[in-house]
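Here are some notes for a colleague who is meeting this structure for the first time.

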Amino acid sequence: MKTIARFMASALLALAGSGALLAQDVIYRINPSDTIPCKIVEIGEELVKYKADTYSQDLTFTVDKNKITRIVFGNGKEMTFADSMFGKENYETQRKNAIKLSLMSPLMGATLLSYEHSVKPGQSMEFGLGIIGAGRDVDDVNPFGAVAKFGYKFITSPDWYDRRQRYAHILKGSYIKPEVTFLHYTSEFYRVDYIGSTDTYRMVKDKTATTMFSVMLVGGKQWVFNDLFLVDLFAGVGYGFGHNPQNESWHYGFLGADNDTPLSLTAGIKIGFLLGKK
């Protein structure tokens, strides 16, 4: 009888153990093929603690939550995770929109304003509109027209890792921005009008229309102060083309793209204010 009792007790323990094994939790790391069968002990603010059957139950292991995509518990329920760097909930109290002025543009013959909107942590869209002629007329050509820009900004994350790392502000940081520009303007110029013969002429004021496009890669860095004020320093290079009858190299929205080269350049500094509810 004692032998039978021992056998039944062993069988029950084995059955319980196999049931526990089947009902164990599974941690899925960022690499989909990297899983950890275990028993979850604790899910903290930054770490998940667990025990593994292959080691002594006196040992407790930890894994960073930023390295986990999900946990499937033994009862079938599932919990998902996102890297704290890119978790939207970490930036809910920050303003995510900004109006900016290209600081030097009025001195160069145009006034350029842009609007930036955060799409998600690390990415934002920027739209720009400007009035050509709303500024200092450096060459005395009375320019008049408009410029439109669109760019999609990729804000770089830090090149070192820390569990507590966050963007200081969702719109702050170094960035790369593919950008397209369209502009159209008229300007005045003087042409020689010969009268009767080549010995007699007069200077006649005329107008010409210029239409240009550019595709650029812009790099820069943006600083945000107290969730209210920002400074954006930038420079870019790309390809420009269009209708340029006067072979101008200054187009009020970018530099270059004349008859000698399609190379287009931009650089400047923007200042702005953040908008929206905190």
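1. Strand β5, residues 68-72, is joined to β6 by 3 bridges, and the two strands run antiparallel. Within this part of the structure, I71 stands opposite M79 in β6. Please keep in mind throughout that the model is a predicted one.

2. This pair belongs to an open sheet of 6 strands, whose order is β4-β3-β2-β1-β5-β6 and whose pairing is antiparallel. The edges are taken by β4 (61-64) and β6 (78-80), and because each has a single partner strand, one side of each is left without a neighbour in the sheet. On average, and with direction ignored, neighbouring strands of this sheet are turned by 40° against each other.

3. Turning to the nonpolar cores, the largest has 16 residues, and those with the most contacts inside it are I132, V147, L183, Y185, M212, Y252 and F254. Two or more residues of this core come from each of the elements β8 (110-120), β10 (144-155), β11 and β12 (201-225). A second core, which is separate and has 11 residues, includes I27, V48, I68 and F73.

4. With residues up to four places away in sequence not counted, F254 touches T181, L183, M212, F213, S214, M216, S249, S264 and L265.

5. E188 deserves a look of its own: this residue is found in strand β11, residues 173-194, and counts as buried because its relative accessibility is 17%, where the cut-off is under 20%. Its side chain is joined to that of N142 by a polar contact of 2.8 Å. Neighbours within four places in sequence aside, E188 is in contact with V141, N142, K205, D206 and K207.

How values were computed: Residues numbered from 1 in each chain as written. Predicted model: local features only at pLDDT ≥ 70, side-chain atom pairs only at ≥ 80, totals over all residues. Heavy atoms only, no water. Helix = DSSP H or I, 4+ residues; strand = E, 2+ residues; numbered from the N terminus. Buried < 20%, exposed > 50% of the residue type's maximum accessible area, 1.4 Å probe, protein only. Polar contact = N/O pair within 3.5 Å; in protein donor to acceptor, adjacent residues only side chain to side chain. Contact = heavy atoms within 4.5 Å. Core = buried A, V, L, I, M, F, W, Y, C linked by side-chain atoms within 4.5 Å. Pairing = 2+ DSSP bridges. Axes fitted to C-alpha atoms, helices over the stretch in contact; angles between N-to-C directions.
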